[in-house]
Amino acid sequence: MRNADAYTIKHQSISSINLMEKAAKAFVKVFKKEVSNKESKISILCGQGNNGGDGLAIARLLDDENYKNVVVYLITFSTGQSEDNKKNIKRLLKLKVPVTIIKEAKIVKNLQSDVLIDAILGSGLNKPLQGDYATVATFVNGLKTKVISVDVPTGFNSEGGIAEKYNGIKADLTICFQRPKINFFCPESVKALDKFKVVDIGLDENFIESQKSEWKLTTESEIQQLLKPRKNFSHKGTYGHALLVAGNNTTMGAALLSASACLHTGAGLTTVCLPQSGLTALNTALPEVMALPRNQYLAMEAFDRFSAIAVGPGLGVEEENEELLEKLVNLRKPLVLDADALTILSQRGDLLYELPAQSILTPHMKEFDRLFGEHKNWWKRVETAKREAIARDLIFVLKNQYTFVCLPNGNVHINPTGNPAMASGGMGDVLTGIITALVAQSYSSADAAILGTYLHGKAGDELAKERFTVSASQVVLQIPKTMKKLLATD
């Protein structure tokens, strides 16, 4: 982003102070929607760098918008001061906005305001706060006031592992410039912010997109390019035959959810390899889905006709299922592996390292750590997934509110869809069915993983607009509607 700043300044003939002004205006546009009462008491804490310069410009713009009670606190714990910060102080001092110099952290302890804007330190920080800065953060977090941070909360590192004992400011909202920070997508970020909004500040998008980066944020336009419309004269054979090895005597629900998701995502044919006891449930709930009863006499030739095979939802970890997974691994066809299949792999390291190339693993946090050991934070977890994906030609779908898809080429695709309303049982089973359906329809394993996670979360987002909670069954029924909307051209 620093390179993008410099490039934009050079090639758009805009000064750094004017680019800062654009950032401040973008911030204020969102702020006005969040804090519409212009009588609100607003305290702005500004550091001496460019993040503080943003805060000073924001103060001036809020005064222009007739916010009546804006007060600026200039924190001067360090000796350095950026040039744009100096320029914005001069501009602000021409107005009647009160500016108080803070040389001791204790002054912050008794601030009284309805809203506090945090513009102390920006995204360049890569270590925990120390000294007076840490004390200020503690005092701010103790205030009973709404906190809105400029670009990042003070003390929050944008990349790398988030400290287990985070000692920075906790923001109710962070208004971020041009791109979200990678660490915003890690669960540990909840220590630093409740939510974030990204605003366009006019940086050169073509330059940003041209930069080499292993981190990719999945966008709707990308998904629209990946998603294939159905063509005239196509038929069920056109869209593949998916097999789900799933379900057990007491866990047929997982198999049914996964099969239903596979069906509704467009697999031409869907079959469930299930115990004999599950036949009635399957035939009653999903008459469109076929059955392949699991038994010890099941020949390997029975699996040759399937264009995609998933293993795991509600399967159970009994010895016969372990043996079946071993047989499927020896087929050397890419697999989609979830739930109990991952548990079996965690106990069978030999199978884990013999998985067919381009297989897709969809672990949640605990399942991943059972496979590869405990991790202190999500950054380290993603680093391990990247390494294993490259070394073994596998694809990892690290499930989270924001899912990380780690590919064998070293790229990590961050999925931005999904929401807390989806925090209920069966969601992982549905995701497995969606991805398997896409593989059956001849999407590459990488595209199926990226597209599947986006569709899953997007369907949940659409449902959450009208619901406090969203069930896995509801997501299944929403999937074809979501796909239709994404393909709409009018």
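**Exercise 1.** At what angle do helix α2 (residues 16-34) and α4 pack, and how far apart are their axes? Work out the geometry, then look at who makes the contact.

*Solution.* Keep in mind that this is a predicted model.

- Step 1: the packing angle of α2 and α4 is about 65°, and their axes lie 10 Å apart.
- Step 2: angles of 65 to 115 degrees count as roughly perpendicular, so α2 and α4 are roughly perpendicular to each other.
- Step 3: for handedness, the crossing of α2 and α4 is right-handed.
- Step 4: on the α2 side, Ser 16, Ile 17, Asn 18, Met 20 and Glu 21 make the contact, and α4 answers with Asp 84, Lys 87, Asn 88 and Arg 91.
- Step 5: sorted by class, the contact of α2 with α4 has 4 charged, 3 polar and 2 nonpolar residues.

**Exercise 2.** Now give α4 its other partner, α3: how are the two oriented, and which residues touch?

*Solution.*

- Step 1: helix α3 (residues 50-64) packs on helix α4 (residues 83-93) at an angle of about 20°, with 8 Å between the axes.
- Step 2: anything under 35 degrees counts as roughly parallel, which means α3 is roughly parallel to α4.
- Step 3: the crossing of α3 and α4 is left-handed.
- Step 4: α3 brings Asn 50, Gly 52, Gly 53, Leu 56, Ala 57, Ala 59 and Arg 60 to the contact, while α4 brings Asp 84, Asn 85, Asn 88, Ile 89, Arg 91 and Leu 92.
- Step 5: the class tally for α3 with α4 is 5 nonpolar, 5 polar and 3 charged residues.

**Exercise 3.** How do the axes of helix α16 (residues 445-464) and helix α17 (residues 472-487) cross?

*Solution.*

- Step 1: the axes of α16 and α17 come within 8 Å and cross at roughly 100°.
- Step 2: that falls in the 65 to 115 band, so α16 and α17 are roughly perpendicular to each other.
- Step 3: among the α16 residues in the contact are Tyr 454, Leu 455 and His 456, and the α17 residues include Val 475, Ile 479 and Met 483.
- Step 4: by class, the contact of α16 with α17 has 8 nonpolar, 5 polar and 3 charged residues.

**Exercise 4.** How many cavities of 30 Å³ or more are there, and what lines the largest cavity?

*Solution.*

- Step 1: the count is 1 cavity of 30 Å³ or more.
- Step 2: the largest cavity holds about 40 Å³ of space.
- Step 3: its lining is made of Ala 308, Ile 309, Pro 334, Leu 335, Val 336, Gln 358, Ile 360, Val 439 and Ser 445.
- Step 4: strands β12 (308-311) and β13 (335-337) each supply at least two residues of that lining.
- Step 5: the lining has 7 nonpolar and 2 polar residues, and no charged ones.

Notes. Residues numbered from 1 in each chain as written. Predicted model: local features only at pLDDT ≥ 70, side-chain atom pairs only at ≥ 80, totals over all residues. Heavy atoms only, no water. Axes fitted to C-alpha atoms, helices over the stretch in contact; angles between N-to-C directions. Helix = DSSP H or I, 4+ residues; strand = E, 2+ residues; numbered from the N terminus. Parallel < 35°, antiparallel > 145°, perpendicular 65-115°, else oblique. Left-handed = near helix turned anticlockwise from the far one by under 90°. Contact = heavy atoms within 4.5 Å. Nonpolar A, V, L, I, M, F, W, Y, C, P; charged D, E, K, R; others polar. 1 Å grid on protein atoms, 1.4 Å probe; cavity = no way out; pocket = protein on both sides within 12 Å on 5 of 7 lines; lining within 4 Å. Points joined across faces, edges and corners; volume = space filled by probe spheres on them.
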